[in-house]
Amino acid sequence: MKTQLENIYKSAKADIEKAQSISDIDEIRLKYLSRKGEFNSIKKGLKDLSDEDKRTVGALANQITQDLEALLKEKHEIFYQKELNEKLQHDRIDITLSGKYLPEGKVHPITSTTNEIVSIFQNLGFSVISPELSPEVETEYYNFDMLNVPHDHPARDVQDTFYLKDIPNGVLRSQTSGAQIHVMETQKPPIKVIAPGRVYRNENINSRKNNFFHQIEGLYVDKGITFGDLKGVLNEFIRLYFGSARPTRFRSSFFPFTEPSAEVDVQCIMCQGKGCRTCSGTGWLEVLGAGMVDVNVLKGVGIDPEIYSGFAFGMGVERLSMLKYAIDDIRLFFNNDKRFLEQF
Ligand code: PHE
C-alpha cells in the first residue's frame, strides 16, 4: 500500500510538472485529491490494516496529500500571475490619451429668455398665438393703422421703420403689437394670449440698440378687465422673472393703441435703487410698456367696448436678458462669438 501511495505521488508530481495552465492544475486536483480521486480510494483501504500500519500508512498518506496540495498551490499561483499578465497586456488602455472632444450645442440666450418669459405667462393662463397671426413682414395696416397710430406719427418715418419696396404698404414690423390685431380679427373674447417674435427698426447700431431685436406682446380681452388686472399680472411676471423682493413702479406714459398707458420700471438690479450707470442714476430700469386697449382699437376689430375691455403689454427680450445676466452690449447676442454663447 505504501508503494501504491508512492507511485500515485510520483505520477501526480509528474503531471503537475507537465501542467500548462490553471485548468490543467484544476484537472490534476480533481484526478488525485478529490473525493472520487485516487488518494481517497486508497485511504478507504486503511481500515483493513493493523493499527500500527494504519498509523504509518495514514501518516504517509496525509504527508503526500499535503505535499501535493502545496505543489498545486505553487503552480496555480504561477499560472495565475502569468494569465493575469497576459490579460493585462492584451486589454491595456492608455489612460494618458486625450478623449474625443464632442462639441455641445447650447440654447441661444434670446431663445432661453423667451422660453422662460413664455412659460411664466403660460402659468398665468396665457397661450402662445400661432405664428401665422404674428408675421414679421407686415403692412402699415397692421403695424400702424389698426393700432391707432396717426399718419403723421414719427414712428412711421423711414428713419424708424423699414419699408418694403416690392409689397404695397409693406413694412418689416417695428413692434409685435400688430399681432394683437390679427388675433382680435380672428378670435372672439375672452382672448388671453402672448406673441413672441422679432421686430425691426432703422436704428444706428450701438451697445444698446440693434436694427432688429425681439419682443413679447401680451393681450388680455374679456368682460370687466381693469387696470388692476394689468398691474396684478405684470407685477407677478416681474416677481417671477427677477425674484420676489424687487419693487416695481408704474409710470404714466403714452402709446397710440392703449389708454391709459404706462411704462413699468423695476428697481435697478445693479445698485438696488441707489443710482448707478446702468440706471443712469435714477435707481429704476424700464422693462415694459403697457396699457388698457384703446377703445378705437377695439372698435376697429369689431369688439364692442361697451361690453369688453382689455389690457396689452410689450417687452423687449434683449433688454430683459441683459438685465438678468448683466450683459452690457446688445450686439453680443448677434455676432455669434462662441466665447459669449458658451456661457449660457
Ligand atoms: N409696442 C410697444 C413698443 O414697441 C409696446 C407696447 C405694447 C405698449 C403693448 C403698450 C401695449 O414700444
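**Figure 1. Side chains where helix α8 meets helix α10 in the predicted model.** Phe237, Tyr241 and Phe242 of α8 are in contact with Leu320, Ser321, Leu323 and Lys324 of α10. By class, the residues of this contact between α8 and α10 are five nonpolar, one polar and one charged. The coordinates come from a predicted model.

**Figure 2. Packing geometry of α8 and α10.** Helix α8 spans residues 227-242 and helix α10 spans residues 317-325. Their axes lie 11 Å apart and form an angle of about 45°.

**Figure 3. Residues around the ligand.** The shell around the ligand holds 14 residues, and those that come nearest are Gln175, Ser177, Arg201, Gln215 and Glu217. Sorted by class, the shell has seven polar, five nonpolar and two charged residues.

**Figure 4. Polar atoms facing the ligand.** Ser177 places a polar side-chain atom 2.9 Å from a nitrogen atom of the ligand. For Arg201, a polar side-chain atom is 3.0 Å from an oxygen atom of the ligand. In the side chain of Gln215, an N or O atom lies 2.9 Å from an oxygen atom of the ligand. On its own the ligand has 330 Å² of accessible area, of which the protein covers 89%.

Figure 5. At least two shell residues come from each of β5 (212-222), β8 (284-293) and β9 (309-316). Strand β9 gives the largest share, three residues.

How values were computed:
Residues are numbered from 1 along each chain as its sequence is written. This is a predicted model: local features need pLDDT of at least 70, side-chain atom pairs count only at pLDDT 80 or more; totals for chains, interfaces and linings use all residues. Side-chain values use heavy atoms; hydrogens and water are left out. Axes are lines fitted to C-alpha atoms, for helices over the stretch in contact, and angles run from 0 to 180 degrees between N-to-C directions. Helices (H or I, at least four residues) and strands (E, at least two) are DSSP runs, numbered from the N terminus. Contact means heavy atoms within 4.5 Å. Ala, Val, Leu, Ile, Met, Phe, Trp, Tyr, Cys and Pro count as nonpolar, Asp, Glu, Lys and Arg as charged, and the others, Gly among them, as polar. A residue is near a molecule or strand if one of its heavy atoms lies within 4 Å of it. A polar contact is a pair of N or O atoms within 3.5 Å; within protein, one must be able to donate a hydrogen and the other to accept it, and residues adjacent in sequence count only if both atoms are side-chain atoms. Accessible areas come from the Shrake-Rupley method with a 1.4 Å probe; for residues, only the protein chains shown count as cover.
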